[in-house]
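Visitor: Could you walk me through this one? I have not looked at it before.
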Amino acid sequence: MSSSTAQIKLLIVDIDGTIAGESNQVSPRVKAAISAAQERGVRVGIATGRMYKSALRFHQEIAADMPIIAYQGAWIQDPATGTIHRHCPVPVDIARELVDYFEQPTLLDKLSIHVYRDDCLYVRKINPDTELYVGRSGIAVTPVADLRTILTERPTKILAMSEDTTLIQDLLQDLRRKYTVDRLHVTTSVPIFLETTQSGIDKGNAIDYVAKNLLDITAENVLAIGDNYNDVEMLAYAGIGVAMGNAPADVRSLADWVAPPVSADGVAVAIEKFILNS
């Protein structure tokens, strides 16, 4: 652990599995702890793989006062002003290659493919997986017969979803072999989501951008809390990186401290330990 509690000036939290569990709601205790941290002068923001539109409700619910870091960091926007501080979409040629890859005959019926462009979601067809996703995300979806038709402009993210978590892991490894890190960032946010964004884009990089450019602070002033593989970079970046108790074992092993799971208000416990009881 490289930071003392007295230095924490920015609190960054993930949404799913961190401030919101199965209920898709933020508990009163977590809200109260975040509010108490703000009363201590700590700024609060969200970093998520979700769309900006989908993250907005949570931003409002916890009364966050920093721009939303959405799409794993590819989109940073301030709800108060509407200002988009950073948008780093996937190049069109790589996006087209990804759609071709996910739609190859052996995968076509096994995956739901989501293309995000201009903070809108496009799918080939609406199936039960997509309906479940849309219901949890609270956003609209547009079916298009051929996803390539919307790739005239660069998409922010392309996601492949499957209940077959072994398939997702196989595709993750295959895409990481096909695309070096300087061409594409590939990660999983939950075991059924394979997410691709522009190279060099991750939550750690995005928090660094926000900390330096908007607050003039450094990594040691940041407390970051997350629960999955797409949180690894931000946990490594932050002065204090906290993993939730419900995080995979190898994610927990990388954290400075492990909080109780989301079902036990782990975010509140972490805030109490590192900010309120300092």
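**Sheet and helices**

Guide: This is a predicted model, and in it six strands form an open sheet in the order 8-7-6-9-11-10, with mixed pairing.

Visitor: Which are the edge strands?

Guide: The edge strands are strand 8 (141–143) and strand 10 (184–188), each of which pairs on one side only. Neighbouring strands of this sheet are turned by 25° against each other on average, with direction ignored.

Visitor: And in what sense do strand 10 and strand 11 pair, parallel or antiparallel?

Guide: Strand 10 pairs with strand 11 (residues 193–198) in the antiparallel sense, over five bridges, and Val-186 stands opposite Thr-196 of strand 11.

Visitor: Okay, which strands does helix 3 lie across?

Guide: Helix 3 lies across strand 6 (112–117), strand 9 (157–161), strand 10 and strand 11, and runs at about 10° to strand 9.

Visitor: How do helix 3 and helix 5 cross?

Guide: The axes of helix 3 (residues 92–102) and helix 5 (residues 165–178) come within 13 Å and cross at roughly 140°, and this crossing is right-handed. Helix 3 contributes Leu-98, Tyr-101 and Phe-102 to the contact, while helix 5 contributes Leu-171, Asp-174, Leu-175 and Lys-178. Of these contact residues, five are nonpolar, two are charged and none is polar.

Visitor: Switching topic, how do strand 1 and strand 2 pair?

Guide: Strand 1 (residues 10–13) and strand 2 (residues 43–46) pair in the parallel sense over four bridges, and Val-13 has Ile-46 of strand 2 as its bridge partner.

Technical notes: Residues numbered from 1 in each chain as written. Predicted model: local features only at pLDDT ≥ 70, side-chain atom pairs only at ≥ 80, totals over all residues. Heavy atoms only, no water. Pairing = 2+ DSSP bridges. Helix = DSSP H or I, 4+ residues; strand = E, 2+ residues; numbered from the N terminus. Axes fitted to C-alpha atoms, helices over the stretch in contact; angles between N-to-C directions. Left-handed = near helix turned anticlockwise from the far one by under 90°. Contact = heavy atoms within 4.5 Å. Nonpolar A, V, L, I, M, F, W, Y, C, P; charged D, E, K, R; others polar.
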